[in-house]
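Let's take a walk through this protein together, going from its overall fold down to single side chains. Keep the model open beside you as you read.

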Amino acid sequence: MKKTRKIGIVTALLVSLSLASQAQTTTSGNSSSGTTGKEWRISVGPDAGIPLGDFSNEYNWNFGGSAQVDIPIIKSLYVTVNAGYQNFFVKNGSFADNVADKNLQLIPVKAGLKYFFLGDLLYVQGEAGASFLANKSDVGASNAAAFVYAPQVGVLLKLAPKNYIDVGFRFEGTSSFYNGGSSNNFLGLRVAYAFGL
């Protein structure tokens with residue numbers, strides 16, 4: 001119950017931050033400071049990763065995809081909202097019972113900040129939110145949702161005006177879906193096509 005409450009509070013705070021930044025963007029768009037000339041960006045692409053620690057004893061790797069919106073708030077700083085799907089491929093025979101010997105299917109929903117420290121090329125990003133277990137009954141999990149956080153570094157490569165390739169490398173940590181279980185951590189790579197609005 002406490003975990004669910006924490007997840008709800010963090011998600012509400014991140015959504016509030018996103019809405020507040022959107023309101024600031026709308027009101028400061030005509031001023032000489034703020035977000036003049038900055039564009040919203042939408043990106044969609046595949047995600048892949050390698051589980052770490054105890055998580056790697058049970059799962060080989062993961063593959064999925066995500067969509068992300070980058071909302072400018074001030075020069076070089078964006079609020080991000082990201083949602084996706086991740087499938088973790090189970091190692092055959094890694095579980096004692098056949099109930100848990102299934103792929104783990106997650107739907108992470110995150111929000112955070114992205115800061116470009118070298119022009120509009122290199123960035124650091126930090127996100128947090130909730131990860132929802134799509135197949136809770138298949139894997140015999142105790143919880144349907146868990147807290148997730150993801151620090152990331154990346155590069156935004158410009159292809160043409162308002163067209164980009166966004167490549168990000170991240171560590172993603174998710175609380176356990178099992179009471180008393182260990183966290184689900186992995187190193188991930190996202191290669192996405194992004195376009196400006």
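A residue is called buried when its relative accessible area is under 20%, exposed when it is over 50%, and partly exposed in between, using a 1.4 Å probe and protein chains only. This is a predicted model, in which local features need pLDDT of at least 70 and side-chain atom pairs count only at pLDDT 80 or more, while totals for chains, interfaces and linings use all residues. Residues are numbered from 1 along each chain as its sequence is written, and side-chain values use heavy atoms, with hydrogens and water left out.

Let's begin with the whole fold. The protein has 2 helices and 8 strands; these are DSSP runs numbered from the N terminus, with helices being H or I of at least four residues and strands being E of at least two. The 8 strands close into a barrel, in the order β1-β2-β3-β4-β5-β6-β7-β8, with antiparallel pairing. From one strand to the next, the twist averages 25°; the axes behind such angles are lines fitted to C-alpha atoms, for helices over the stretch in contact, and angles run from 0 to 180 degrees between N-to-C directions.

Of the 197 residues in the protein, 41% are buried. For contacts, the criterion is heavy atoms within 4.5 Å. Among contacts between residues at least 6 apart in sequence, 59% join residues at least 24 apart.

Now look at one strand pair in the barrel. Strand β5 (residues 122–133) pairs with strand β6 (residues 145–160) in the antiparallel sense over 11 bridges, where pairing requires that DSSP finds at least two bridges between two strands. For Glu127, the bridge partner in β6 is Ala150. Ser131 also belongs to strand β5. Is Ser131 buried or exposed? Ser131 counts as buried, because its relative accessibility is 1%. Leaving aside neighbours within four places in sequence, the residues in contact with Ser131 include Leu106, Pro108, Ala146, Val148 and Phe177.

Two loops deserve a stop as well. Ser76 sits in the loop between β2 (59–74) and β3 (77–90), and its phi is near 70°, a positive value in a residue other than glycine. At 12% relative accessibility, Ser76 is buried. Lys162, in the loop between β6 and β7 (163–174), also is not a glycine and has a positive phi of about 65°. Lys162 is partly exposed, with a relative accessible area of 39%.

Finally, turn to the aromatic rings. A pair of aromatic rings is described by the distance of the centres and the angle of the planes. Rings of Phe, Tyr and Trp (its six-membered ring) pair if their centres lie within 6.5 Å; planes under 30 degrees apart count as stacked, over 60 as edge-to-face and the rest as tilted. A search of the whole structure finds 10 aromatic pairs. In one of them, the ring centres of Phe55 and Tyr59 are 5.1 Å apart and the planes meet at 50°, so the pair is tilted. Phe55 is buried at 2% relative accessibility, and Tyr59 is buried at 2%. Ring pairs link Phe55, Tyr59, Phe88 and Phe186 into a cluster.

Charges can sit over rings too: the criterion is NZ of Lys or CZ of Arg within 6 Å of the ring centre and within 35 degrees of the ring normal. Arg41 lies over the face of Tyr164, at 4.8 Å from the ring centre. For Lys114, the charged end is over the ring of Tyr123, 4.3 Å from its centre.
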